[in-house]
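Good morning, and thank you for coming.

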Amino acid sequence: MKHEDFLKQINRELDGLSLPMSEKLKAEPISVNSEEIPLRKRAWKRRFLSIGAGALAAGVALVCVLVNLPTPAAETESLACMQMDINPSVTLVLDKAGKVSRVVSLNADGDTLVCDEAFVAEMIGQTATAAAKKLAERAAKSGYVNLQANGENGEYNQIDVRFEGVNDLPQEEVEGVKNALVDFFKEKGVYVYVQASKGLLEGGLSTFNEWQQRPSSFFEYTKAQSGETGAREAAEGAVYEYTKDILVSSMEKYELVAKIDENDTLIEEKAGVGYWTLSAGQRESEELSSLCLETARLLETLYAVYGEDYRAVGSITGAVNAVAFKGYCSLYLQPLEDETEALRSYASGEASVGDFTMSEVIDFVTLATASGYGADLLEGLQSMLSFLISDAVTEVESFVQSAEIFLGDWSTERYERYSAAFDLEREAIGDEEYEAFLATIQKN
Amino acid sequence: MNERLWDNLMKEVARGSERAFEELYEGMKRGVFALAYSYLRNYEDSEDALQETFLTIKRKAHMYEVGTNARAWIFQIAKNVALDELRRRKRRMETESFKDEGVETPLPFLEELTVRLSEEEREIVLMHAVWGYKHKEIAEEKGLPLGTVTWKYNEAIKKLRKEQEEQP
């Protein structure tokens with residue numbers, strides 16, 4: 001029995017208990033402090049992270065909808081699948097009424113969803129439109145949508161929605177999902193291009209039945225298809241993918257901080273003083289205004305995304321910030337300078353994360369902590385990498401389980417980090433602005 | 001429900017809100033009962049411990065510090081109530097059995113967990129499976145490295161699975 005099944009059983013047992021409040025408990029008064037309840041001050045960390053600030057076309061999503069629609073001529077089961085590859089990648093199986101009946105994971109990220117019983121329960125019984133929106137929101141809140149991308153410099157988000165059914169599906173259904181996704185993101189002030197298509201499900205009913213039988217977990221499916229070796233490779237791939245994820249984030253933060261530092265140096269060369277202690281007149285001068293505007297924007301990003309606030313300028317506050325920022329650079333930039341080439345090659349995919357040496361695994365935590373991920377979460381990842389690199393994985397099942405647990409915790413960590421950024425208020429995108437966006441990316 | 005929401009709920013309880021207390025009770029009763037059962041291995045005693053835990057919460061609501069960890073606060077109260085009952089049993093030097101001997105337990109999986117695992121393993125599994133703690137949070141609460149928590153959790157699950165597989 002899988003450990004999730006055992007845990008589900010315990011929870012089902014507990015769900016079946018009544019456990020009402022006793023009369024004595026109901027009658028007991030609550031002991032209230034007559035004074036205003038003191039609030040213990042707590043430092044809430046700002047948990048905004050860059051969502052691929054330099055990435056192109058983030059979050060390509062393929063949505064293939066398995067739809068079961070009755071045909072006029074006969075009540076043959078016409079089924080379609082909805083596959084969303086926005087990362088996490090899942091297939092949604094729809095019943096005759098066009099409602100979600102199953103959620104099947106197609107990758108490791110997808111497993112973090114199907115293991116989330118509450119989320120799956122929310123999906124079951126939903127229409128294709130509602131389910132697509134829920135998945136898109138979950139992906140955006142998990143950091144898979146670039147909130148800043150607006151078509152400039154070729155950066156934009158794209159979601160592909162594909163419906164495949166045994167019988168031909170109404171175009172309105174497809175357009176309905178597409179428009180719902182576009183409107184959802186427009187309302188949130190995020191530019192997303194949605195491409196929707198439909199087709200016939202290859203293999204028809206027998207293919208649909210395979211989807212009905214397939215394990216909902218990607219790891220379970222891989223194990224069933226390819227045995228322990230396949231499961232281990234899948235877990236290994238997921239571990240490496242997340243390692244790369246962290247390194248990309250580290251690299252982005254490094255580039256951002258380095259650019260601010262570089263701008264400050266340029267300004268000082270031209271004006272004799274650095275960015276933070278320029279006078280208002282100097283900031284608006286022809287020679288320096290665009291450089292200052294760019295620096296201000298970068299500092300806003302550093303604050304919004306990483307919670308590091310060095311924005312204030314002026315004679316006293318600016319001078320304090322200038323010193324503080326240089327101190328920040330010495331702590332953050334310099335240790336990474338020797339590693340940037342390695343970081344870039346890992347992040348770009350030129351080098352495989354599997355090329356890490358043992359000493360680099362140890363350095364990995366230093367690199368990754370700099371991007372703002374918790375060192376304790378990285379400890380688990382580091383130990384898995386060590387096992388893989390030293391080929392010390394002897395109990396595959398235990399390794400796969402550990403990887404699954406790590407991915408679950410990681411997914412929650414990402415959701416907590418990125419959901420705050422997604423929930424920030426942004427101005428909704430109007431129809432004209434959206435049309436202009438489509439024109440920019442040549443999709444109109 | 002995340003930590004902040006439990007804290008907000010507990011804040012309302014501390015202000016005297018019966019509605020908030022009911023919501024807290026409904027949200028936490030499973031976890032409190034499971035924790036009590038893992039110590040007491042008796043349905044009725046565990047139910048009593050559940051009621052006692054929430055009586056204590058009502059009586060000590062004014063002592064709750066808003067902005068701290070409500071879930072951990074309630075967990076500790078529940079654990080203390082269960083341990084108090086165990087101590088009372090020992091002092092009474094009962095000869096009567098507290099285990100539901102000969103009675104088919106309505107909670108076979110919870111029973112397995114109670115019988116097969118050490119106290120620490122039971123806590124870690126219950127904290128994750130029923131109380132909704134992430135492994136990282138469990139590590140913070142218990143002052144253990146994350147790797148240790150993950151390893152203990154895995155070992156505990158292995159024991160439970162082995163027992164399940166060996167059953168006819």
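This is a predicted model: local features need pLDDT of at least 70, side-chain atom pairs count only at pLDDT 80 or more; totals for chains, interfaces and linings use all residues.

Let me begin with helix H7 of chain A, residues 204-213, whose buried residues are Gly204(A), Thr207(A), Phe208(A) and Trp211(A). Buried means under 20% relative accessible area, exposed over 50%, and partly exposed in between, with a 1.4 Å probe and protein chains only. Seen down the axis of H7(A), the buried residues fall within an arc of 100 degrees, so they line one face of the helix; the arc is that of the directions from the helix axis to the C-beta atoms. On the other side of H7(A), Glu210(A) and Gln213(A) are exposed.

Residues are numbered from 1 along each chain as its sequence is written.

Next, strand S5 of chain A, residues 157-165: eight of its nine residues are buried, so the strand is largely enclosed by the rest of the structure. S5(A) runs parallel to strand S6 of chain A, residues 192-200, and nine bridges join them. Within this pairing, Val161(A) stands opposite Ala196(A) of S6(A). From S5(A) the chain passes through helix H6, residues 171-187, to S6(A), in a right-handed β-α-β crossover: with the strands pointing away from the viewer, the path from the first strand over the helix to the second runs clockwise.

Finally, the whole chain. Chain A has 16 helices and six strands; helices (H or I, at least four residues) and strands (E, at least two) are DSSP runs, numbered from the N terminus. Of its 444 residues, 50% count as buried.

Note on methods
Chains are lettered from A and ligands numbered from 1 in the order in which they are written. Side-chain values use heavy atoms; hydrogens and water are left out. Two strands pair if DSSP finds at least two bridges between them.
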